[in-house]
Amino acid sequence: MYYIDLEKPLDKRIKFDNQRKAAKEIGITPETLSRILNAKVGATKIMAYCITKHYNKDAEILDYFVKEGE
């Protein structure tokens, strides 16, 4: 699972201007996106990839997430 890297400063973390719109475009509920961005739940690799690329097309998953477990 991939979790948002809470060690990064707030200005270096993923923050969408319109989180509801971003969630719809990614294909998840706004509540799920909120839980992922607040590190309440982890994301699969593909979900972390989708969130990362939606936020910054040039970024890599590990720019915003940390991998835990297998």
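**Notebook: Y55, the fold and a helix pair**

I started at Y55, which lies in helix 3. Helices here are DSSP runs of H or I with at least four residues, strands are E runs of at least two, and both are numbered from the N terminus. The model is predicted, so I kept its limits in mind: local features need pLDDT of at least 70, side-chain atom pairs count only at pLDDT 80 or more, and totals for chains, interfaces and linings use all residues. Numbering runs from 1 along each chain as its sequence is written, and side-chain values use heavy atoms, with hydrogens and water left out.

**Y55, continued**

I looked up the cover on Y55. Its relative accessibility is 31%, which counts as partly exposed. The scale is this: buried is under 20% relative accessible area, exposed is over 50%, and partly exposed is in between, with a 1.4 Å probe and protein chains only. Next I listed partners. Leaving out residues up to four places away in sequence, Y55 touches R13, I14, K15, F16 and Y64. Contact means heavy atoms within 4.5 Å. I also took one C-alpha distance: Y55 and E68 are 13 residues apart along the chain and separated by 22 Å.

**Whole chain**

I counted 3 helices and 2 strands in the protein chain. From the N terminus the order reads β-α-α-α-β. The radius of gyration is 11 Å, close to the 11 Å from the globule rule for 70 residues, so the chain is as compact as a globular protein of that length. That radius is taken over C-alpha atoms, and the rule is 2.2 Å times the number of residues to the power 0.38. The C-alpha trace spans about 30 × 25 × 20 Å along its principal axes.

Of the 70 residues, 31% are buried. The chain exposes about 4900 Å², and carbon and sulfur atoms supply 49% of that area. I noted the method: Shrake-Rupley with a 1.4 Å probe, where for residues only the protein chains shown count as cover. For contacts between residues at least 6 apart in sequence, 56% join residues at least 24 apart.

**Helix 1 against helix 2**

How do the axes of helix 1 and helix 2 cross? Helix 1 covers residues 19-26 and helix 2 covers residues 30-37; their axes come within 8 Å and cross at roughly 105°. Axes are lines fitted to C-alpha atoms, for helices over the stretch in contact, and angles run from 0 to 180 degrees between N-to-C directions. The two helices are therefore roughly perpendicular. On this scale, under 35 degrees is roughly parallel, over 145 roughly antiparallel, 65 to 115 roughly perpendicular, and the rest oblique.

Helix 1 brings Q19, R20, A22 and A23 to the contact, and helix 2 brings P30, L33, S34 and L37. I sorted these contact residues into 5 nonpolar, 2 polar and 1 charged.

I then checked E25, also in helix 1. E25 is partly exposed at 48% relative accessible area. Its C-alpha atom is 9.8 Å from that of I51, 26 residues apart along the chain.

N38 sits in the loop between helix 2 and helix 3 (45-55). At 46% relative accessibility N38 is partly exposed.

A39 is in the loop between helix 2 and helix 3. What is phi of A39? It is near 60°, a positive value in a residue other than glycine. Most residues other than glycine have a negative phi. A39 is partly exposed, at 22% relative accessible area.

Conventions: Nonpolar A, V, L, I, M, F, W, Y, C, P; charged D, E, K, R; others polar.
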